[in-house]
Amino acid sequence: MRDLFENAAPANPLEAARRGARPVLPKRFYQRAMAAREGEAYALRLDDKPVRTPAGRLLAAPTLALAEALAAEWDAQRDVIDPAKMPLTRLANSIIDGVADRPGPVAAEVAKYLGSDLVCYRAASPRGLAERQARHWDPILGWARDALGAHFLLGEGVVHVAQPAPALAAARAAIPNDPWRLGAVHTITTLTGSALIALALAQGRLTADEACAAAHVDEDWNMEQWGRDELALDRRALRFAELQAAALVLKNL
């Protein structure tokens, strides 16, 4: 299991197909996945045997609900175990192995996005795109202003806008310290290109669907003008599965 998940993140079947790669997936070897109390956490067990992360740590969640969600993901595997269909397990592995011991650098990576956040950069034209960006992104900026006390400035095009230091500090203060919440926020930030979208989702201002829609305003507009891009939609489906896993973590802590 360690080798399987260590070499699978992030799994992208489209890229694998283009490279002609044909990964050999292990057959399902267990009858049942379950959650069991392990100290102050809840561990995933396969036929009552513990599961380890790629770094050899116990795959365990801080809440029973989250551990049961992990077990359900493993139970959903049929003939083979496919990491590409297990975004919650991959996220849990990354939190346990990569975030728990270094929350500071991970939070700093999230904070970097605040300086050039997606929702702050608007199109000058066409008018329809600018209006759609405002419809999706203005409420997020309004939430940041009212809930966090962070007043962000808007820019046009790709010209960098220096954000006020008080706004950056106020938004940075909202980045969670708990490794599981932090890992989920980091994942959402990198998937959407926006720390503000991630923080709004973490604090219940956005749903996963709304966060995904906000992150793909420009892409959706372009497809409406020029036609559907099936490869882009396939990639989005993979990213959305990752985003849903992160939202599930936030919901079940």
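Buried, in this talk, means under 20% relative accessible area. Keep that cut-off in mind for helix α11. One caution before we start: this is a predicted model.

Let's take that helix now. In α11, V217, W221 and M223 are buried. They span an arc of only 165° around the axis, which puts them on the same side of α11. An α-helix has 3.6 residues a turn, so residues three or four places apart point the same way.

What do the buried residues of α11 pack against? They pack against three helices: α6, residues 127-148; α10, residues 208-215; and α12.

Now walk off the end of the helix. Just after α11, G227 takes a positive phi of about 110°. Then comes R228, in the loop between α11 (217-226) and α12 (230-251). Is R228 buried or exposed? R228 counts as exposed, because its relative accessibility is 62% and the cut-off for exposed is over 50%. Its side chain still has a partner. It makes a polar contact with the side chain of E230, at 3.1 Å. Set aside the neighbours within four places in sequence, and R228 is in contact with M223 and L233.

Step back to the whole chain. The secondary structure comes to 12 helices and 6 strands. The C-alpha atoms fill a box of roughly 55 × 40 × 25 Å, taken along the principal axes.

Of the 253 residues, 45% are buried. The protein exposes about 12900 Å², and carbon and sulfur atoms supply 52% of that. On contact order: take contacts between residues at least 6 apart in sequence. Of these, 64% join residues at least 24 apart.

On to the core. In soluble globular proteins, nonpolar side chains tend to be buried together. Here, the largest nonpolar core has 73 residues. Which of them touch the most other members? The answer is W74, V119, F152, W180 and L196. Helix α9, residues 195-202, contributes the largest share of this core, with 8 residues.

V119 is then in contact with W137, I140, L141, L154, S194, L196 and I197. L196 is itself on that list of residues touching the most other core members.

Last topic: backbone geometry. Most residues other than glycine have a negative phi, and most peptide bonds are trans.

The peptide bond from S125 to P126 is cis, with omega near 0°. P126 sits in the loop between β5 (121-122) and α6.

The other two are a pair of aspartates. D47 has a phi near 50°, and D48 has a phi near 70°. Both values are positive, in residues other than glycine. Where are they? D47 is in the loop between β2 (41-46) and β3 (49-50), and D48 is in the loop between β2 and β3 as well. D47 counts as partly exposed, because its relative accessible area is 33%.

That's the tour. Happy to go back to any of these regions on screen.

Key
Residues are numbered from 1 along each chain as its sequence is written. This is a predicted model: local features need pLDDT of at least 70, side-chain atom pairs count only at pLDDT 80 or more; totals for chains, interfaces and linings use all residues. Side-chain values use heavy atoms; hydrogens and water are left out. Helices (H or I, at least four residues) and strands (E, at least two) are DSSP runs, numbered from the N terminus. Buried means under 20% relative accessible area, exposed over 50%, partly exposed in between (1.4 Å probe, protein chains only). Contact means heavy atoms within 4.5 Å. A polar contact is a pair of N or O atoms within 3.5 Å; within protein, one must be able to donate a hydrogen and the other to accept it, and residues adjacent in sequence count only if both atoms are side-chain atoms. A nonpolar core is a set of buried Ala, Val, Leu, Ile, Met, Phe, Trp, Tyr and Cys residues joined through side-chain atoms within 4.5 Å. Accessible areas come from the Shrake-Rupley method with a 1.4 Å probe; for residues, only the protein chains shown count as cover. The arc is that of the directions from the helix axis to the C-beta atoms.
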